[in-house]
Amino acid sequence: MAESATRPSSLIHTIYGEFVRRLGDWISIADLIALMAELDVDGPAVRSAISRLKKAGTLLQERRDGIGYRLGPEMGPVFDEGDRRIFGSLEPARLQDGWVVAVFSVPESERSHRHQLRSRLTWLGFGNAAPGVWLAPARLLPDARRMLERLGLSAYVHLFTSDYAGFAELRDAVSSWWDFPAIEAQYAAFTDEWAPVAEELRSEPQIDPVLAFRDYVPMLTQWRRLPYLDPGLPSELLPDDWNAVEARRVFVELHDLLAVPSLRHVEKLTGLAQTERSAG
């Protein structure tokens, strides 16, 4: 598994995004430490990660039935965007729907914003066609607008929707705008690790909730960055042996098998219940 996927802060991010949001947005530090222990992360490592997440504004300390942490006020839109990318349509974009193009110019005195724009557009799945020119399938336009507005970067960027009008063969051009080998390497790592787990669980008549949680959280943590690095390009522009298809199949199968028993385990351990909003 990728090192970043196993960091305590990444696992905590997954626990909040997948479970705590449904259970009132708050969890006690004692229960969080207990859940993380099941993922082989000790208490000091959890507290250290919590400290970093507090400094970043991701979590806020709040006393309810003991000391715990709730999500910062700006995290709701971030997790909502993540849900759309992670659990939304896994089908490739359609070529006829066109492209969203982001063109930006940042003064040298504010070059830190230039770096932030590059990194965030890359994170959203945009490819780099030329200096200051980034593009992605048109369906990413709403996510791009929300991200730029949320981060206060919209003043530096012009967004367009367009079709490709030549001159290079589009499939060849696309392969230079995205790093396909790097994306495929991450899909391959995911499939290599989790396809055997899916095969083993497929024959289980009933999945133990604790074991489901121990598999589901690291699996989802490893997966959730992939739908961002891969923009879901039209299939006719992808390599013939594009390995995302098999990785997505494995993810969907494991999600279907593990999500519900994992949630039941978190509910039982914490004593928290789904809110009316999340249950609906």
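The largest pocket in this structure holds about 950 Å³ of space. Keep in mind as you look around that this is a predicted model.

**The largest pocket**

- The lining of the largest pocket is made up of 37 residues.
- If you want to find the centre of this pocket, look for His13, Val78, Arg120, Trp123 and Arg224, the lining residues that lie nearest to it.
- Seen by element, those that each supply two or more residues to this lining are α1 (3–6), α2 (8–18), α5 (75–87), α6 (111–124), α9 (180–202), α10 (209–223) and α11 (226–229).
- Helix α5 gives the largest share of the lining, with eight residues.
- How can empty space be found at all? Rolling a probe the size of a water molecule over the atoms shows where such space is left.

**The chain as a whole**

- Count the elements of the protein chain and you get 13 helices and seven strands.
- The protein chain has a radius of gyration of 20 Å, close to the 19 Å that the globule rule gives for 280 residues, so the chain is as compact as a globular protein of that length.
- Along its principal axes, the C-alpha trace spans about 60 × 50 × 35 Å.
- Of the 280 residues in the protein chain, 45% are buried.
- Among contacts with a separation of 6 or more, 77% are between residues 24 or more positions apart.
- The accessible surface of the protein chain is about 14200 Å², and carbon and sulfur atoms account for 52% of this area.

**A mostly covered helix: α2**

- Nine of the 11 residues in α2 are buried, which leaves this helix mostly covered.
- You can check these buried residues of α2 one by one: Ser9, Ser10, Leu11, Ile12, Thr14, Ile15, Tyr16, Gly17 and Glu18.

**A residue to look up: Glu81**

- Glu81 is part of helix α5, the helix that gives the largest share of the lining of the largest pocket.
- Is Glu81 buried or exposed? Its relative accessibility is 3%, and buried means under 20%, so Glu81 counts as buried.
- Which residues is Glu81 in contact with, leaving aside its neighbours within four places in sequence? They are Leu124, Asp143, Met147, Arg150 and Tyr228.

Technical notes. Residues numbered from 1 in each chain as written. Predicted model: local features only at pLDDT ≥ 70, side-chain atom pairs only at ≥ 80, totals over all residues. Heavy atoms only, no water. 1 Å grid on protein atoms, 1.4 Å probe; cavity = no way out; pocket = protein on both sides within 12 Å on 5 of 7 lines; lining within 4 Å. Points joined across faces, edges and corners; volume = space filled by probe spheres on them. Helix = DSSP H or I, 4+ residues; strand = E, 2+ residues; numbered from the N terminus. Rg over C-alpha atoms; globule rule 2.2 N^0.38 Å. Buried < 20%, exposed > 50% of the residue type's maximum accessible area, 1.4 Å probe, protein only. Contact = heavy atoms within 4.5 Å. Areas by Shrake-Rupley, 256 points an atom, 1.4 Å probe, with all protein chains shown as cover.
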